[in-house]
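Here is a short briefing for a first look at a protein model. Keep the sequence and the 3D view open while reading.

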Amino acid sequence: LAKNKDNWQFWSEKEKRSFIRNPELVQAINNGNEDVASLIAIGRIIDHIKQGKITFNSSYHYQDISKKIKNVEIKDGEVFLTPEILEELISGKFVIDIQNRIEELGVIDKIDDIELDEDDVPPTWINLSDVLKKVSKYVRATNSEWFEEHVRLFRKQTDSLFSMEYNEDEFAGRLYAAFGFLGRNFRYRDSQEFLNLKYFVQRYLTEEQLILELKFIHRCMASLRENNTSMPVIDTMGINSRKKSILSTYHGRYHTIGFSDMRSVTPDMNPINSFRCRSTDSEAMNIVSVMDKIQTVCDGNVKIYTGDAHTVSRVSAGMVFLSHGVVAAGRICHEPKENLGEYKINRLKENISLLNKIGKLLKDEPSLGRVVAMKKHIYIDGINVCKLLEDLGYLILQNVSATDIPVDNICLAVERSNHLKKKARIVEGSYTRPKHDVELSLLSGELVLCIVGLYHKINGWTGPVSPINFSDIRTIIPA
């Protein structure tokens, strides 16, 4: 019917009413409007593809994932869901585990309402270029294998076809200068210094290199704190693109046309990661990919995360726990009040091994998290995997709702950090330039904030506000 509208006339009345439940619409189609039935059929097929009822072997996003899940091999110590943990989730005793995870964080730094007056003039201004040089030396001194790690990653990405052209000092100088260039949203022609960075950015700067540097800086920040455990706060902010693609969509929450910057920060406003996602995506849909990068930056010390309601869903809570052992403790709009049915509980108990296979697959291939989150039908031996994930997530969120997490106060850190990032990328009104790799630009913005915060920390910053601020930093030198 989707390929040929003339097929409609050969359908029986029973088949027509089964396909379209509205008798008046069926009658209207019978009166010479067969093309409407063809369009409805096309829409149904697209829905079946999105939900996973129809799969394509040659497609990544619309493949049959059940074959991959079946072939997953699990070794000892690679699972996060055990029969004991499932019993705790069912009985509600997992609340104690969640409280322990929060207590391990220590006292969550309170973000005071006091903010620096932007009209105040500091005793002395510090150029960002000087800040970059000082922090670069500190990070390298703190991490003894800093240069070796960057060289190792570069050789891995290029399959050892290229050798490193710079010594450590030269590489560090260009790397941090590139952070300042991309993080502030400049153009190459804005300065001769930036023009000289063009080759370095194209050859050496990748998303993995920036994640590695975020990891080194995060270690330095952690060494200046009492503990090394972090609780990411996840949120997005809309980003306008300088040139609009015909496929760009209008973001309903942020009223922008372009994409979303999915950011992760700690409650004390220390940036952890930045992830570009589509305007049509929710944070929950991409949580597995985001958590994989967060764990890389934080050396696997993240056990719980929080955020607004759009960072949490039942399926995402199940996926992120199975893949990384992380509890989704964001704001829950519709708290689970009724207990899970006996049939669903028994189904979970019988398929713990299958759930752990899903978690192992998502940990090894995080990009599949979005693929799974988009579907409603993934069947393995007659069992709908999507329903299993949803039921497990229901139990997790039910236990989370019984805890007392100050989500509203914690989320203030993201909002203030979002404002700071806009100030860092203030050139061209923070519109993202099409010639720059968007992921590199967004991650560099996070690095600029981290570098400024670390600079203030190592200089003995004291005061009621976060050290991550531009109160005495000159990001742009006036002409």
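At what angle do H9 and helix H12 pack, and how far apart are their axes? The angle between H9 and helix H12 (residues 207-223) is about 100°, and the axes are 12 Å apart. H9 is therefore roughly perpendicular to H12. The model is predicted.

**Overall picture**

- The protein chain holds 20 helices and nine strands.
- Of its 479 residues, 50% are buried.
- Among contacts with a separation of 6 or more, 74% join residues 24 or more positions apart.

**H9 against H12**

- Two packed helices are described by the angle between their axes and the distance between the axes.
- On the H9 side, the contact uses Leu175, Tyr176 and Phe179.
- On the H12 side, these residues meet Leu210, Glu213 and Ile217.
- By class, the contact of H9 with H12 has five nonpolar residues, no polar ones and one charged.

**H14 against H16**

- Helix H14 (residues 314-324) packs on helix H16 (residues 352-364) at an angle of about 80°. Their axes are 7 Å apart.
- This angle makes H14 roughly perpendicular to H16.
- H14 contributes Met319, Leu322, Ser323 and His324 to the contact.
- H16 contributes Leu355, Asn356, Gly359, Leu362 and Lys363.
- The contact of H14 with H16 counts four nonpolar, four polar and one charged residues.
- How many of the residues of H14 are buried? The count is 10 of 11, so H14 is mostly covered.
- The buried residues of H14 include Val315, Ala317, Val320 and Phe321. Met319, Leu322, Ser323 and His324 are also buried.
- Gly325 follows H14 and has a positive phi, near 70°.

**Leu361 in H16**

- Leu361 lies in helix H16.
- Is Leu361 buried or exposed? Leu361 is buried, because its relative accessible area is 10% and buried means under 20%.
- Leu361 touches Ile65, Lys68, Ile69, Val72 and Leu368, leaving aside residues up to four places away in sequence.
- Leu361 and Lys70 are 291 residues apart along the chain. Their C-alpha atoms are separated by 9.8 Å.

**Aromatic rings**

- The whole structure has 16 aromatic pairs.
- One of them joins Phe181 and Phe194. The ring centres are 5.1 Å apart, with 40° between the planes, and the pair is tilted.
- Which parts does this pair tie together? Phe181 lies in helix H9 (residues 168-183) and Phe194 in helix H10 (residues 192-195), so the pair links parts that are 13 residues apart in sequence.
- Both Phe181 and Phe194 are buried.
- Ring pairs also link a cluster of Trp146, Phe147, Phe154, Tyr166, Phe171, Phe200 and Tyr204.

**Charges over rings**

- Arg44 lies over the face of Phe19, at 4.7 Å from the ring centre.
- Arg203 lies over the face of Phe162, at 4.3 Å from the ring centre.

- Most residues other than glycine have a negative phi.
- Asp159 is not a glycine, yet its phi is positive, about 55°.
- Asp159 sits in the loop between helix H8 (146-157) and H9.
- Asp159 counts as exposed, because its relative accessibility is 61% and exposed means over 50%.
- Asn185 is also a residue other than glycine with a positive phi, near 70°.
- Asn185 is found in the loop between H9 and H10.
- Is Asn185 buried or exposed? Asn185 is buried, with a relative accessible area of 0%.

**Cys298 in its loop**

- Where does Cys298 lie? Cys298 is in the loop between helix H13 (287-297) and strand E5 (304-307).
- Cys298 is buried, with a relative accessible area of 1%.
- Cys298 touches His218, Ser230 and Ile272, leaving aside residues up to four places away in sequence.
- The C-alpha atoms of Cys298 and Lys215 are separated by 6.5 Å. Along the chain, Cys298 and Lys215 are 83 residues apart.

Conventions:
Residues numbered from 1 in each chain as written. Predicted model: local features only at pLDDT ≥ 70, side-chain atom pairs only at ≥ 80, totals over all residues. Heavy atoms only, no water. Axes fitted to C-alpha atoms, helices over the stretch in contact; angles between N-to-C directions. Helix = DSSP H or I, 4+ residues; strand = E, 2+ residues; numbered from the N terminus. Parallel < 35°, antiparallel > 145°, perpendicular 65-115°, else oblique. Contact = heavy atoms within 4.5 Å. Nonpolar A, V, L, I, M, F, W, Y, C, P; charged D, E, K, R; others polar. Buried < 20%, exposed > 50% of the residue type's maximum accessible area, 1.4 Å probe, protein only. Phe/Tyr/Trp six-rings, centres within 6.5 Å; stacked < 30°, edge-to-face > 60°. Lys NZ or Arg CZ within 6 Å of the ring centre and 35° of its normal.
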